[in-house]
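The structure comes first, then the terms and the findings.

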Amino acid sequence: ITGIKRFISRLRGFIGVRTLKLKKGKQISLGSILEKQAGRRPDKTLILFENQKISYREFNRRANQVAHLFLSMNFKKGDTVALLISNRPEFLIIHAGLAKQGIISALINTNIKGRALVHALDTAGAKAIIVGHECLEEVLKIQDRIELGDPGHIFLEKEGLDIEVPGGIPDLSRLLHGQPVDNPGVTPAVTTCDTLEYIYTSGTTGLPKATALTHHKWIQIGLG
């Protein structure tokens, strides 16, 4: 979540305060804002992370590859994909790419394990999971207890590392290779009232409880 907050804080000054009074259904979203800023300031740095420097252009192009990949796999607006990745650029890029298509990201806490992790994944109603290599061990422990919608894939995000991919788990980097880098045509169909993500809080039972965040609310947080 910290990474998301840092990313959206860059919205400050990019769009006016009129955004706070957006009407429901306005064709403005995380994806459309990213595309607009990548066009305005392509070579400006969007993310500094350890020894990495990612420009608006590069970030947008990589997010586009995510969007095109999931379009090719027949994911649709309103579908949910669970993200179990620590705070790093790949997490933000994947989240933005899914958002361009109107796919809802369920932001799973990387610190939960066992029963709580199963509960968080099941309540998300996800059709797929994208798991970072740093979280793979915990997912493999509960893999047989997770109920995913069709197609039910678990994708591995390797952070560019030379890691052996377990059988039956697609390597996300291989799938993204060769995907188009142009803006997908579906982004304008995503509006302010569409759900962007599910964030999780502790429920009364001690198990994670999902709360929906719309694109409108995301923009408000960025301007707040």
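A residue counts as buried under 20% relative accessible area, as exposed over 50%, and as partly exposed in between (1.4 Å probe, protein chains only). The model is predicted: local features need pLDDT of at least 70, side-chain atom pairs count only at pLDDT 80 or more, and totals for chains, interfaces and linings use all residues. Residues are numbered from 1 along each chain as its sequence is written, and side-chain values use heavy atoms, with hydrogens and water left out.

- Arginine 88 is buried, at 4% relative accessibility, and glutamate 157 is buried at 9%.
- These two residues form a salt bridge (a side-chain nitrogen of Lys or Arg within 4 Å of a carboxyl oxygen of Asp or Glu), with their closest N and O atoms 2.5 Å apart.
- Arginine 88 sits in the loop between strand 3 (80-84) and helix 4 (89-101), while glutamate 157 belongs to strand 6 (residues 153-157), so that distant parts of the chain, 69 residues apart, are linked; helices (H or I, at least four residues) and strands (E, at least two) are DSSP runs, numbered from the N terminus.
- Through shared partners, salt bridges join Arg88, Glu90, Glu134, Glu157 and Glu159 into one network.

**Other salt bridges**

- The count of salt bridges comes to 12.
- Aspartate 43 pairs with arginine 57 in a salt bridge whose closest N and O atoms are 2.4 Å apart.
- Because aspartate 43 lies in the loop between helix 2 (30-40) and strand 1 (45-49) and arginine 57 in helix 3 (residues 56-72), this pair ties together parts that are 14 residues apart in sequence.
- Aspartate 43 is exposed at 58% relative accessibility, whereas arginine 57 is partly exposed at 37%.
- A salt bridge also joins arginine 62 to glutamate 58, with 3.3 Å between the closest N and O atoms.
- Arginine 62 and glutamate 58 are four residues apart in helix 3, so about one helical turn separates them.
- Both are partly exposed, arginine 62 at 25% and glutamate 58 at 32%.

**Packing of helix 2 and helix 4**

- The axes of helix 2 and helix 4 are 7 Å apart, and the helices pack at an angle of about 110°.
- Axes are lines fitted to C-alpha atoms over the stretch in contact, and angles run from 0 to 180 degrees between N-to-C directions.
- The two helices are therefore roughly perpendicular (65 to 115 degrees).
- Leu30, Gly31, Leu34 and Glu35 of helix 2 meet Ala96, Ala99 and Lys100 of helix 4 in this contact (heavy atoms within 4.5 Å).

Technical notes: Parallel < 35°, antiparallel > 145°, perpendicular 65-115°, else oblique.
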